[in-house]
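Please keep the structure open beside the text while reading.

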Amino acid sequence: MSSFDPKIQDKKIESKIVVSLERISEAFRVLLWEEGKKNSLSPIQVQILVFLLFHPKEKCKVSYLAKEFNMTKATISDSIKALYRKELIRKEDDENDTRSYTISLSEKGTVIARQSSIFTKPIETTISQLSLTQKEIILEGLLNLITSLNKADIITIQRMCNTCSNYMFSNNTHYCKLLELELKTNELRIDCPEHQPTEH
């Protein structure tokens, strides 16, 4: 039974949710392609530039990027080579591993990354029109869905509260052991710099 069959959708809310998520991902792809065309970049090249802009040095390596974007090292390496040829990134050799290097943005790359980082603004603008309660319900549902997909090894690296060893959920309350604070639903993080992964 396919979720894309309208007859199945009429019987299963799960199918309606799946198709809804597919439509949203399509919007994301369209915006990403449009952004890439401005600077003759592929979608993954845009995503890499934006990632480099907001994440620390230790995460800016081919092996980490491959896990981050669920792609092979070869595919990421090809994108890195293209970005290097366009003088949008720099490579810095790893002193401890001659086969590895750290990637950083050049001045030109930083400008393009900043411009590209707001490509999802149309989606965010639409979401901003929802009530806080609606936003919290959507956020909590998506976090739980991502956590389940991560545990099933369908998507890899996640740096959100639900997959962090510092996170606790008890008596309908979110709690961060690192911050020693209760967290409201809208305070849950999807990309936390202090994230410590749990074993699953």
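1. A salt bridge is a side-chain nitrogen of Lys or Arg within 4 Å of a carboxyl oxygen of Asp or Glu. Lys57 and Glu92 form such a pair, with their closest N and O atoms 3.2 Å apart. Because Lys57 lies in the loop between helix 3 and helix 4 (62–68) and Glu92 in strand 1 (residues 89–94), the pair ties together parts that are 35 residues apart in sequence. Helices (H or I, at least four residues) and strands (E, at least two) are DSSP runs, numbered from the N terminus.

2. This is a predicted model, in which local features need pLDDT of at least 70 and side-chain atom pairs count only at pLDDT 80 or more, while totals for chains, interfaces and linings use all residues. Residues are numbered from 1 along each chain as its sequence is written, and side-chain values use heavy atoms, leaving out hydrogens and water.

3. The structure holds seven salt bridges, and one of them joins the side chains of Lys38 and Glu35 (3.1 Å, N to O). Lys38 counts as exposed at 60% relative accessibility, whereas Glu35 is buried at 6% (buried means under 20% relative accessible area, exposed over 50%, partly exposed in between, with a 1.4 Å probe and protein chains only).

4. Asp191 and Arg159 also meet through their side chains in a salt bridge (2.7 Å, N to O). Asp191 lies in the segment after strand 5 (181–183) and Arg159 in the loop between helix 8 and strand 3 (167–170), so this pair ties together parts that are 32 residues apart in sequence. Salt bridges that share partners join Glu68, Arg159 and Asp191 into one network.
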